[in-house]
Amino acid sequence: MDKVVIENLSLKYSDGTESLFNINLRIQANKITALIGPSGGGKSTFLRVLNRLNDLADVAEVSGRVLIDDVNILDPELDVIELRRKVGIVFSRPLPLPLSIYQNISYGLEVAGEKRRSVLDEAVERALHLAELWDEVHDRLNDPAAALSGGQQQRLCLARTLALKPEIIMLDEPTSALDPVSTLKIETSLLELKKEYTIIIAPHNTQQAGRVADMLAFFLQGELIEYGPVEEIYTRPKDSRTQDYITGKFG
Ligand code: ADP
């Protein structure tokens with residue numbers, strides 16, 4: 001099933017930089033779609049559009065349509081808060097709130113009005129399990145999140161996103177600052193999560209894309225050059241630029 005359908009999406013920043021050119025892409029539910037390509041290709045910009053972070057002042061023009069469950073999320077009337085609950089994002093640098101481990105996860109639910117302790121306890125535990133962090137923190141949930149290692153903080157940020165029960169999880173180079181153990185745990189978590197969620201990731205490198213992705217989208221200078229199943233793109237790329245990128249001729 002197509003969860004996100006992107007039609008003729010183009011974006012220009014206020015300084016005149018054209019970052020996305022006429023992108024057409026169908027992102028499937030319960031798959032991990034990896035956006036690959038050299039830095040500056042438009043991957044972060046693309047993820048920001050899906051979450052309407054492009055509403056910020058640095059974007060001048062967005063055109064085209066982005067349909068999530070058949071609703072065009074670029075519609076100015078759209079409830080952006082609701083969208084951001086449905087489409088969670090994890091950034092490359094973990095930014096826990098200056099609160100306890102527990103509160104980092106319960107906070108969003110409490111803001112949304114949930115007060116029942118038992119519901120919050122259950123949600124916190126579930127999210128920590130899903131993010132492969134529970135075993136490391138279950139006996140110190142009231143410690144400050146700042147006391148966790150960088151890799152644990154990143155998994156906490158993933159757990160925080162999951163607690164809000166999104167349908168789509170986007171991750172922008174989530175392991176670029178992480179040790180190999182935490183990287184592996186995040187990758188393990190994603191492979192489990194895709195059973196329930198739609199996952200879009202800008203991976204740290206092409207090796208990571210190979211380990212986790214089902215579908216690959218190759219972005220180069222704002223254009224989507226090629227899109228397809230990972231094994232097809234890796235073994236029989238249709239475009240010579242894709243071939244050159246995955247074989248490491250440029251990067
Ligand atoms: P990637 O994630 O693939 O590295 P980005 O989406 O970050 O690519 O960047 C795509 C292009 O948009 C680059 O040329 C980048 O310099 C430009 N860009 C990104 N953010 C901004 C911004 N806030 N203002 C102006 N140009 C930007």
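Predicted model: local features only at pLDDT ≥ 70, side-chain atom pairs only at ≥ 80, totals over all residues.
Residues are numbered from 1 along each chain as its sequence is written, and side-chain values use heavy atoms, leaving out hydrogens and water.

Let's start with the ligand. It is surrounded by 13 residues, the closest being Ser19, Gly40, Ser44, Thr45 and Asp58; a residue counts here if one of its heavy atoms lies within 4 Å. Helix H1, residues 43-50, gives the most to this shell, three residues. Helices are DSSP runs of H or I with at least four residues, strands are E runs with at least two, and both are numbered from the N terminus.

Now the polar contacts, meaning pairs of N or O atoms within 3.5 Å. A polar backbone atom of Gly40 sits 2.6 Å from a ligand oxygen. For Gly42, a backbone N or O atom is 3.0 Å from an oxygen of the ligand. Lys43 uses its side chain: an N or O atom there is 2.8 Å from a ligand oxygen.

On to the sheet. It is open, with six strands in the order E6-E7-E8-E3-E9-E10 and mixed pairing; strands pair if DSSP finds at least two bridges between them. The edges are E6 (87-90) and E10 (223-229), each pairing on one side only. E10 pairs with E9 (residues 215-220) in the antiparallel sense, over six bridges, and Leu220 stands opposite Glu223 of E10. Thanks, everyone!

Notes. Polar contact = N/O pair within 3.5 Å; in protein donor to acceptor, adjacent residues only side chain to side chain.
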